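Please check each point against the coordinates as you go.

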Amino acid sequence: MSAAARRAFVPNWWARAAWVAFALYVLYAASQLEFTPARFLAGIEHGAKFVARLFPPDLSRLALLAKGMAESLQIAVLASVLGVLISAPLALAAARNLMPAWATWPARAVMVLCRSFHPVIVAILFVKAVGFGALAGILALTVASVGFLGKLMTEAIEEISLKQVEAVRATGAPFASLVTYAVLPQVFSRLVGFVSYETDANLRNSTMVGIVGAGGIGGTLFAAFQRFDYDFVCTIVLTIIALIMAGEVLTVRVKRVFRA
Amino acid sequence: MTTGAPAAPAASAAVAASAADPRRSTAEAPALRIRGLVKAYVPGTPVLRGIDLDFAPRGITAIIGPSGTGKSTLIRCINRLVEPTAGEILFEGQDLTRLRGAALRLARRHIGMVFQEYNLVERLTVMENLLCGRLGYVTPLDAWLRRYPPRDVERAFELLDTVGLGPHAHARADSLSGGQRQRVGIARAVMQEPRLLLADEPTSSLDPKTSVEIMALVAALSEKHGFPVIINIHNVALAKRFAGRIVGMTGGRVVYDGAPEAITDAHLQTIYGGEDWLH
Amino acid sequence: MSTAPGLAAVEREWRRFTPAERLARFAVYLGIVAAIVASLQSIEIIPEFLYDAPEQIGDMLRRMWPVAWDHYPEGVHAALLDSLHIATLGTLAAVVMAVPVAFLAARNVTPVPWLNYLAKLILVSSRSVNTLIWALFFVAVFGPGALAGTMAIAFHSIGFTGKLLGEALEESNRGTIEALEATGAPRFAVLLKGYWPQVKPAFWAIVLFRWDINVRESAVLGLVGAGGVGMALDTALNLFQWDRVAMVLLAIFAVVVAAEVVVTGIRRRVL
């Protein structure tokens, strides 16, 4: 038996073809976007100068910074709360294992619509509707939260064991008790995980909706950029990073309290 | 503190009994010497309390003892998967406990290991898993480009046939049964061209019939390729059947070292404690 | 549990949580309520704007109809494709940069605590700064255009990709790695043959997931001048051409839906 004639590895032609195709696409896309090494190098040099202008961070306008950050925090908190309040019943209505079709289809449609647009786009539309300021930001992030939380909550509800629901229903419990005793315990820890992730996401998004006028530190940041006030920009960005890190640590603790 | 025949060279009783029996160790320079091996995971409570053992270049040694007595720790100290707290381990002219980095890797190439949970790369094919045994011998670049020397590939196919898995060369490892996976694990270790084979409870996850097949395979390969085997095993019957020498441990010490025939119920009681399980 | 007459029965209360747990849960609820109250008090809501809102929305919708379909070929199509390219190239760059950081962040791959912290710091910073903010940076560095947008997508995505990849690495089977180390394989070979095959499915899922999100993100980068269809949106908004705004929004919507379909299809067939 000629063992040497046997090959150790079977080549995967499909995978190889896919890689080649992808490599070709990358070259094509780069040329479409006019990426040239020259632009890159020019950018790196310019970037080095730019980064130098970021430091040292400007600490003279802390009051302005604090006001903007506080507003962002408010937006994040209220958007998260409103988001949970709206998406909870919506998700319940959209659960195909618990609800009839005339409830699930509209509920799902609403959630998909909320998810389809980037929060910034939604923020622009709300700025037109309710004017500049934090309200537009809150509403925009609420819409985004409803889309995100709604989808995840519905999936969680649809994955529960119906046997427990059956058992509680058999005791003659009203619908609200059914939810409390059969649905909620099964999904609660996952919900805590989703809500904490979404709160972090809202915190991150609240720092940017200000760029289109929807309130928060984003507006201050954008203004600083336009004034070429780069050392203040640095302060703001560092504060944002610190705030979000703190937020993530906090949500980890909260999750632990609820044993999520 | 040992009872029974001394460790090395082989007991005169054993020599007298069956000098021609290939399972017996012969009076040669030991392939592996362990001196004063101590391991304490938690400082102050040592799991291994000073082990002195020599292993001849041929033959199968089975280490038996109750759970938690340090059998697995002992095996893993040899190839430094576990760091010894004190002692020396002499192999191929070097003290394994003193090696680090590249030197340790080179030494490990000559020590094959078979695991209880097989420890294959599940998503790779059988062939790829086998050739993982040569990773210590090829450059990482060649490993990535899958450029193994033809000689290695040929050996791999031969080995695959020997362990009875020829048709499965390109099957994914996780599609095999437990016994088949262990064969791949053994073949991978033998691919290293080892001077010593360690086996950490290789049959504990297998049914009785497969366990016997695996032990027989290990014995046959040990004989054919000429490397000694140290097996950590808790099935005393299997140990007695396949090993040429039994080392009994309890409480982190060696309490029996000698021929399988010479082990009595009294010895087993010292090792394992309790009476009911013996009958 | 005594029921002898004259002696009170020892009460066995059913408690769901220990006192310490109850305190902790209460503290969390209290904190949430306090945050809500504080936010509500200091938020500036001008009631007139609120009452005005339905009319404003109505006005906006009226101006959006009829949708300016004819604007698509010259105004939107090329920019839309640009956004797709930005999303794809940006995701690619992010993955390339995120993989080494992920290996550094995984405690089982790199058992050096300060390297873990450094890597995690890089990942947190990357994702704390929004794509839009990164875009502002890169527009200042590279000038307006798609290059800034691609870099923004890349640098923001490193954080998520690296974090998820690091978590996948930390879940690898320890035994398999042990076995490869026992053969004397060099470190890189252990990474390649031990960790990589185990995280491959998670890796592709993460990449696909991130690409999907980046398609959404790349559409708005143009609002700050970083290329793509967002620039068409920005122009139309500034000129109050709501029918063109509607066109651009519909185009974005279509692309996002298409991307989701593609991703779901790939996930079902391959993963």
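1. In this predicted model, chain B has an open sheet of 4 strands in the order β2-β1-β4-β5, paired in the antiparallel sense. Strands here are DSSP runs of E with at least two residues, helices are runs of H or I with at least four residues, and both are numbered from the N terminus; two strands pair if DSSP finds at least two bridges between them. The edges are held by β2 (48–55) and β5 (94–95) of chain B, each of which has a single partner strand, so one side of each is left without a neighbour in the sheet. Strand β4 (residues 86–91) of chain B pairs with β5(B) over 2 bridges, and B:L90 has B:D95 as its bridge partner in β5(B).

2. On conventions, residues are numbered from 1 along each chain as its sequence is written, while chains are lettered from A and ligands numbered from 1 in the order in which they are written. As the model is predicted, local features need pLDDT of at least 70 and side-chain atom pairs count only at pLDDT 80 or more, whereas totals for chains, interfaces and linings use all residues.

3. Which residues does B:R80 contact, leaving aside its neighbours within four places in sequence? They are B:L96 and B:L104, where contact is taken to be C-beta atoms, placed from the backbone, within 7 Å of each other. B:R80 itself lies in the loop between α2 (71–78) and β4 of chain B, and it counts as partly exposed because it has 19 C-beta neighbours inside 10 Å. The scale behind that label calls a residue buried if 20 or more other C-beta atoms lie within 10 Å of its own, exposed if 12 or fewer do, and partly exposed in between, again with C-beta atoms placed from the backbone. From B:R80 to B:D207 the separation is 127 residues in sequence and 30 Å in space, C-alpha to C-alpha.

4. The domain assignment of chain B gives domain 1 (1–9 + 29–110 + 196–271) and domain 2 (119–193); such bounds come from an automatic or database domain assignment. The contact between them takes 14 residues from domain 1 of chain B and 11 residues from domain 2 of chain B. On the domain 1 side, α3 (101–109) and α8 (208–225) of chain B each supply at least two residues, and α8(B) gives the most, with 7 residues. That side divides into 7 nonpolar, 3 polar and 4 charged residues, with Ala, Val, Leu, Ile, Met, Phe, Trp, Tyr, Cys and Pro counted as nonpolar, Asp, Glu, Lys and Arg as charged, and the others, Gly among them, as polar. The C-alpha centres of the two domains lie 25 Å apart.

5. Helix α7 (residues 178–191) of chain B is mostly covered, with 11 of its 14 residues buried, including B:V184, B:I186 and B:M191. Its buried residues pack against β6 (111–114), α4 (126–131), α6 (150–162), β7 (196–200) and α8 of chain B. Just after α7(B), B:E193 takes a positive phi of about 50°.

6. In chain A, helix α6 (residues 134–158) has 25 residues and reaches 35 Å from its first C-alpha to its last, close to the 36 Å expected at 1.5 Å a residue; the expected span is 1.5 Å times one less than the number of residues. This helix of chain A is also mostly covered, as 22 of its 25 residues are buried.

7. Between chains, 47 residues of chain C are in contact with 41 residues of chain A. The largest share of the chain C side, 7 residues, comes from α1(C), and by class this side has 33 nonpolar, 9 polar and 5 charged residues. As for chains A and B, 6 residues of chain A are in contact with 11 residues of chain B, and the chain A side of that contact divides into 5 nonpolar, no polar and 1 charged.

8. On confidence, the predictor gives the complex an ipTM of 0.84 and a pTM of 0.82. The mean pLDDT (the predictor's confidence in each residue, from 0 to 100) of chain C is 87, and 92% of its residues reach 70 or more. Over residues 1–8 of chain C the pLDDT is below 50. Where pLDDT is low, the predicted coordinates should not be read in detail.

Notes: Contact = placed C-beta atoms within 7 Å.
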